[in-house]
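Colleague: I am new to this structure and would like to learn how to read a sheet, and then a single residue within a sheet. Could you take me through it?

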Amino acid sequence: LRVFEIARTVESSIELFRLSGTQCRIETSLDRLALAQGSAGDLSRVVVELLSNAERATNHSNREAQIKIELITDSERATLSIHDSGNGFGLDEFKRCTLGDFGLGPVQETEEFHLGLGLIMCLRLVTDLSGEISVLPVPSDLGGAVMRLSLPVVKLAGQS
């Protein structure tokens, strides 16, 4: 059984993303000690991709470039939310970028909104971790989009 600490993986992913020279302010609020089963590297790739997309979105808005990352855990699930200060999605854009519809339309539709194929890979990696990923239909309190992923929490023998 391969397990990893979710918060530690998110923190190291943020540090990796910062190596890209980002000027985006990143605020975090991470619950500790939640474990997930699978590859920490897969989660790290997803987090870096989502941060990259969030930063790109902030570059298209008039607001200060900000990203907020929240990790909330309970006994069953760990939920990671990434908020950005971009322009968010209009209703038509939201309908076309909802992750459940990814891969069904022509590639040009996703590239039109700078989503590329990165989110399709994120969907696959999160699914491999037995998780779910979605775009929330409401704007972030920072003004932009909210990407949310949820992973099942693993309990080791002897944990309550």
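Modeller: We begin with the source of the model, then turn to the sheet and to one residue.

Modeller: This is a predicted model, in which local features need pLDDT of at least 70 and side-chain atom pairs count only at pLDDT 80 or more, while totals for chains, interfaces and linings use all residues. Residues are numbered from 1 along each chain as its sequence is written, and side-chain values use heavy atoms, with hydrogens and water left out.

Colleague: In what order do the strands of the open sheet lie?

Modeller: Strands (E, at least two residues) and helices (H or I, at least four) are DSSP runs numbered from the N terminus, and two strands pair if DSSP finds at least two bridges between them. Here five strands form an open sheet with mixed pairing, in the order β2-β4-β5-β7-β6. Its edge strands, β2 (25-30) and β6 (132-135), each pair on one side only.

Colleague: How many bridges join β4 to β5?

Modeller: Strands β4 (residues 66-73) and β5 (residues 77-84) run antiparallel and are joined by seven bridges; Ile 69 has Ile 82 as its bridge partner in β5.

Colleague: Is Ser 150 buried or exposed?

Modeller: Buried means under 20% relative accessible area, exposed over 50%, and partly exposed in between (1.4 Å probe, protein chains only). Ser 150, which belongs to strand β7 (residues 146-152), counts as buried because its relative accessible area is 12%.

Colleague: Which residues does Ser 150 touch?

Modeller: Contact means heavy atoms within 4.5 Å. Leaving aside residues up to four places away in sequence, Ser 150 touches Arg 77, Ala 78, Thr 79, Gly 131 and Glu 132.
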